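Subject: Structure handover

Hello,

The structure is below, followed by notes on what was found in it.

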Amino acid sequence: QVQVVESGGGLVQPGGSLRLSCAASGRIFSIDVMAWYRQAPGKQRELVAQIFASDNTNYPDSVKGRFTISRDNTKRTVYLQMNSLKPEDTAVYYCNGLIYDGSAWKNYWGQGTQVTVSS
């Protein structure tokens, strides 16, 4: 079994910062791309940041320059540093990983962590 668990969400004022963590554990042979998504009430889930096995990264324009994704392969953990947060960043943030569990490459999702940006 493979698990992906997020942590680090919370309430922050506009202009503030938060750092999210996502740890993968269990029967893991290899990890390819990992990503953060978010879903605000009444909206579709959207990509926030991706990091590939090559350490190349990808961000949508809405967070570029404010968010930074990184990974620690030894800890099987990916981080999302969020700076200059805005109220429109309020959402549930989900971690996703493309993981080889010994039988196949599969997409694994965490349960999500709430980020609320409000004064």
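Which side chain has a polar atom 2.8 Å from the backbone nitrogen of K86? The side chain is that of D89, and the pair is a polar contact (N or O atoms within 3.5 Å; within protein, one must be able to donate a hydrogen and the other to accept it, and residues adjacent in sequence count only if both atoms are side-chain atoms).

This is a predicted model, in which local features need pLDDT of at least 70 and side-chain atom pairs pLDDT 80 or more, while totals for chains, interfaces and linings use all residues. Residues are numbered from 1 along each chain as its sequence is written, and side-chain values use heavy atoms, without hydrogens or water.

D89 sits in the loop between β8 (77-82) and β9 (91-100); strands are DSSP runs (E, at least two residues), numbered from the N terminus. D89 counts as buried because its relative accessibility is 1% (buried is under 20%, exposed over 50%, partly exposed in between; 1.4 Å probe, protein chains only). Beyond four places in sequence, D89 touches R38, R66, F67, S84, V115 and V117 (contact: heavy atoms within 4.5 Å).

Strand β8 also belongs to an open antiparallel sheet of four strands, in the order β1-β3-β8-β7 (strands pair if DSSP finds at least two bridges between them). β1 (2-7) and β7 (67-72) are at the edges with a single partner strand each, so one side of each has no neighbour in the sheet. β3 (residues 18-26) and β8 pair over six bridges, and L20 has L80 in β8 as its bridge partner.

G112 lies in the loop between β10 (105-109) and β11 (113-117). G112 counts as partly exposed because its relative accessibility is 27%.

Regards
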